[in-house]
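Me: I would like to learn how to read strands and aromatic pairs in a structural model, taking one feature at a time. Could we begin with a strand and its pairing?

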Amino acid sequence: MPRGRLLSRPSLLLPGLLVLALALLVLTARLWVEWSWFSQFNLTAVLARRWALQLLGLGIGLAITLALQRWLLWLWALPAAPGALRRPLRTGPYALVLLALLAAALLSLSLIWGVVARLALQPFDPARLHGLIALASLPPGPWLLLLVAAAVVLLARPQGGARWLHGGAGLGLALVLGRGWGLWSLAVMAQPTGLREPLLGADVSFVQLRFPALALALTLAIAILLATLALALWGLMARGSQLSDGHFAGFAPAQLQALRRPLAALALLLALAFWLGRHQLLLSTTGSVPGAGWLDVHLALPLRTAAAVVALLMALLLLLPLARQGHRGPATAVLCLLLLALPLLEAGLSPLLQNLLVNPQELEREMPYLARSIDATRRAFQIDAMEIIDRVPNDRLSRRDLAEGEATLSNVRLWDSEPLLATNRQLQQLRVYYRFSEPAVDRYALQPDAGLGRQQVIMAARELDQGSLPRTARTWLNRHLVFTHGNGFTLSPVNTSGPEGLPEFFISDLGPSTKVQGNAQLGITRQQVEQVVPTRDPFLYFGSLASPYALAPTAVEEFNYPQGDNNFYIHYSGGAGVPLGRFWQRLAAAIYLREPKLLVRGELNASTRLLLHREVRDRVRALAPFVRFEAEPYLISVNLEGEAPFPSDQHQYWIVDGFTSSAFYPYSAAVPGRPDIRYLRNSVKAVVDAFTGQMVLYVAEPADPLIRTWQSLFPELFQPLAAMPVAFQDHIMYPRWQFQIQTTQLLRYHVTDPRIFYSGDDVWQVPKELYGQDQVPVEPYHISAQLPGEVEPEFLLLQPLTPLARPNLVGWLAARSDAPHYGELTLLRFPSQLPIYGPEQVQALINQNPRISQQFGLWDRAGSQVIQGNLLVVPIGQALLYVEPVYLRARAGGLPTLTRVVVSDSSRIAMEPSLREAIDALLDPRRSEEASPQPEAATPAATPAAAL
C-alpha cells in the first residue's frame, strides 16, 4: 500500500471522531436536561418509555434498511452468463425504462422525506401524513435542487449512487418510525369504543386510532420497497458501459427469479392499501354527505375490493410455482393492467354516475347515509347527549319573575373583560414590566349561607412581561436572574361599581400594600374574602405569558415587588428546575440552551436551578405532547390542606384544559375551517403550581378511547378526576374553546331529521352585537343562573342562537360547570313561530330609543366615547331579561367607567345608573321608555378624566 494512503487515513479519521464526539456530547447534554426536568415530577419512567419507543422505531427502521441493502448487494452480485441473458432493451425502450426507474426512485425518496419534514413539525398530527399528500407542503425550490442532485449522483455512479440514495431513504424511514412513535404506539395500544361503524362493521377505534398508523405504515412500506426495486433495477441496467452505449443486454435467470419476491411483496402491499382504502371511504369529504355516501357504497367500495383481490392474485402469481413458466409474464401483465384500470374506472365513473344517478334523486339515495353522518357528528362532539328544553318565555318581565330569579339577578355580570383589563392596566399594573393576562370569570363561595350561590368574580393575574422592560434593562442578567416572576392578582365582583363608575376590588395592589376589601353592596365582609381567597406570597414563577428560562436562586436577589420608590427582593425557594450546582451540569445546560454564559459560574451557586417551560401550556405540553392545550389557562387562589403533591402553604394554581381530537372519526363532519377536528373531548384537566411548577394531569373524560389508550401507555402520568382536591374541583369550568367548536357544529347538527337537514331551512347562526363601534359575533359568556326546573343557581357558559339570516332568538346553549352536572349541555329552545327578540333586535331598539340615543349623542359630543358592552340574555323566572352595560371613556385616554345599565324584556326598555334601578324603571310604567329621564350632558364628575 502506498505511503500516502497510509498517512491519509488518520487525517480523515480524526475529524470524523471529533464530529462524532461533538454529536454525542450535544445528545448527552440534551438527554440529561430532559431527564432532570422529568425527575422533578418523579416521572422519569414516562420519559424512559418515550425514549424506548423512539429507539424501537428507529431500530426497526434501520434493521429494515440494512436487510434491504444486503438484498440489493446480493442481487447485484448474482452472476450473469452472456448466453443466458433475457429481455434485452434497445435505445428507445431502454431510455424510457431508465426514466421510469429514476422517477420512481426520486418519488419514493421525496415521499419518505416529506413525511420526515412534516413529523419534525407536528409529530402527533396524523391528519396529512400518508399517501402522496405528504408531499403537499414541501418547498418546491430547495426540494427540486435536491432531486436534481440525486439524479446526477445516479447518472455519475449508477450502483454507488443507488446505494447512497437507498441509504438516505432508509434513514428517512428510521426517522419516521422513531419520531412518529405516537402514531404507531397509539395504534398498537388502541382501546375499543364498543361502537361499530355501520358500513364495514369495524369498531370505531379502528378508524379513529389504527387507520392513521396503518395508512402511514403502508405509505412508507410501498415507498421504501418501490425505492429498493427501482434502485436495484437501476444498478443492474445502468452499470458498466450500458448507460453510455444506450442499450441493456438483458437479465440473468437468477436475477429475474430474485426479483419475483420483492415484486410479490409490492403487490401484497398494494392489496392491503386498496383494502384499507375501503375504510377511507368512511372519511370521505366528497358529495353532500360526510363519510361514505351512496356512490361510495355502490361504486367505490366494490371497485376497491376488486382491486385488492386483483393485487392479491398478482402477489400469489409471482410467488407460487406454475406448471407452465411462460404463462407467468402474460398473466402478470393482464393483472397489472386490470389493477391500473380499476382506480381509473372509479375516477372516471364517479362524476358521471353522480350526475346521472345520484343528483336527480339525491335525497332519496343519500338519506340513510345522511342519517349516519348526523348521528356520528353529534356523537363526536357530544351534542347528542345534551338536554333539550322547550320553553315559551313570557313577553313581559313581572315581579313574580324577579322573585323566582333573585339568585340569578343578584349575580348578573356588568363588567366585561376588556374594560376591566383596561382599568387594571392603568390602576393595578404599577410598573411597565407588569402585564395582566386574560381575565377569567370564576366563582367563589364568599357568602356560603346567603342562598344566592357563589359570588361571580373576575380574576386577573399580574404577570411579568419581559418584552416590556426598557431596552437598556434587557440584559441577560435582568432577563434570567433578576426579573424572574410576576406577583399577585386582582379580584373584582362582576356586578358592582364604585361611586365614580370604576370597578371595585375584593383584592388589589401587591406586597404589604395588598388590599383585601369586602363589598357593602353585596353584603360581603373583608373577613369572608380573606378566609376564602388567600393572598399570601402570590409569586407567579409560572404563568400564561411566554417567558424565557430563569436561573434561581442565585447570588443575585430577584425583584419581587415595588413599593413607592423602593424595590423589594427575594430568593426563590420553590425547589423546581434542573440543578446547576456542578460544572458538568452547567455545561449540559449551556449546550441545551446554546448559552455559553452558563459555563462561567459567576452569580450561580450550588443551589441554583434552571427553570424551563415557564408558560403553563408549554409546560404541560412538554409533559404530554399528545394532548392539545389550546384553551386559555386561568388562575385560582385556594386553600389546600397539603394534599399531595401540593403543599398547604401554596395557594395560587393554574388550571389548563387539555383536549384529545381526531381527524378520523367515521361519518363525522369536520369543523368548518378546521379539517383536522372531526372528534373532540376535553379529556384532561391539568393543574400547575404557579410557584413550584408542580403539575398533575387529571382525566376528565375516562370514556374517551384516545385518553384511555394514552393512560394504558403512561399510567403514571394521569390521575382520575375524583383524586383532584375539592378546592380545585370547585373551580373547574367548561372550556370556552370546546364550547365554541360545539356551538359551530350545533348550528347545523341540531337537526336530526335527514330531510330537514338536507333542505337547509333550519340552520342557525351566532348573532351579532354592537360592541364599541364594531359589529361583532356574540361571544359565549358566563352567568350564574337557574336552569328551568333547578332551584339553585349554577355557573353556566351561555351562547344565544338565532336562525340563519333572521335576528329572532331561537334558543341558547348552556354548558354546566358545577358538580354534579359538570360537562352537561342544555339547549333551551324557543318556538320558531313566536317573534322572540334576539340580541341584534334588542340592541337596535336600544339605539333607536330617542332618549337613549340622544343621551349617547350628548356624551359623544362632550369629549367622551360611549362603549356599549356585551348584551347578555339572562333567564329570569319565566321571562328573558336583556342587560347591556354602558361604559364611558374619555377620547384622549382615560378609564372606562360603568355609567349606565340598559335593560329590556323586548317590549320595554329602561336605562338607569344601576341594574336594580333600571329594572324598577322597566317595571314602572311611569319610568319606562315612555318616561325615561331627560338626557344629561357629561359632567366633569362623570367623565373618566375626572375619575382619574
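Me: Which residue of S24 is the bridge partner of His782?

Reply: In this predicted model, His782 has Leu797 in S24 as its bridge partner, and the two strands, S23 (residues 781-785) and S24 (residues 794-803), pair in the antiparallel sense over five bridges.

Me: How should I read the directions of the side chains along S23, and are they buried or exposed?

Reply: In a regular strand the side chains alternate between the two faces of the sheet. Here Tyr781, Ile783 and Ala785 point one way from S23, whereas His782 and Ser784 point the other way, and all are buried. Because five of the five residues of S23 are buried, the strand is largely enclosed by the rest of the structure.

Me: How many aromatic pairs does a search of the whole structure find, and how is such a pair read?

Reply: A pair of aromatic rings is described by the distance of the centres and the angle of the planes. The search of the whole structure finds 32 aromatic pairs. Among them, Phe626 and Phe714 have ring centres 5.6 Å apart and planes at 0°, so this pair is stacked. Phe626 lies in the loop between helix H19 and strand S15, and Phe714 in the loop between helix H20 and strand S19, 88 residues apart. Phe626 counts as buried at 9% relative accessibility, and Phe714 is buried with a relative accessible area of 0%.

Me: What is the arrangement of Phe646 and Phe728?

Reply: Their ring centres are 5.3 Å apart with the planes at 85°, so the pair of Phe646 and Phe728 is edge-to-face. Both Phe646 and Phe728 are buried.

Conventions:
Residues are numbered from 1 along each chain as its sequence is written. This is a predicted model: local features need pLDDT of at least 70, side-chain atom pairs count only at pLDDT 80 or more; totals for chains, interfaces and linings use all residues. Side-chain values use heavy atoms; hydrogens and water are left out. Buried means under 20% relative accessible area, exposed over 50%, partly exposed in between (1.4 Å probe, protein chains only). Helices (H or I, at least four residues) and strands (E, at least two) are DSSP runs, numbered from the N terminus. Two strands pair if DSSP finds at least two bridges between them. Rings of Phe, Tyr and Trp (its six-membered ring) pair if their centres lie within 6.5 Å; planes under 30 degrees apart count as stacked, over 60 as edge-to-face and the rest as tilted.
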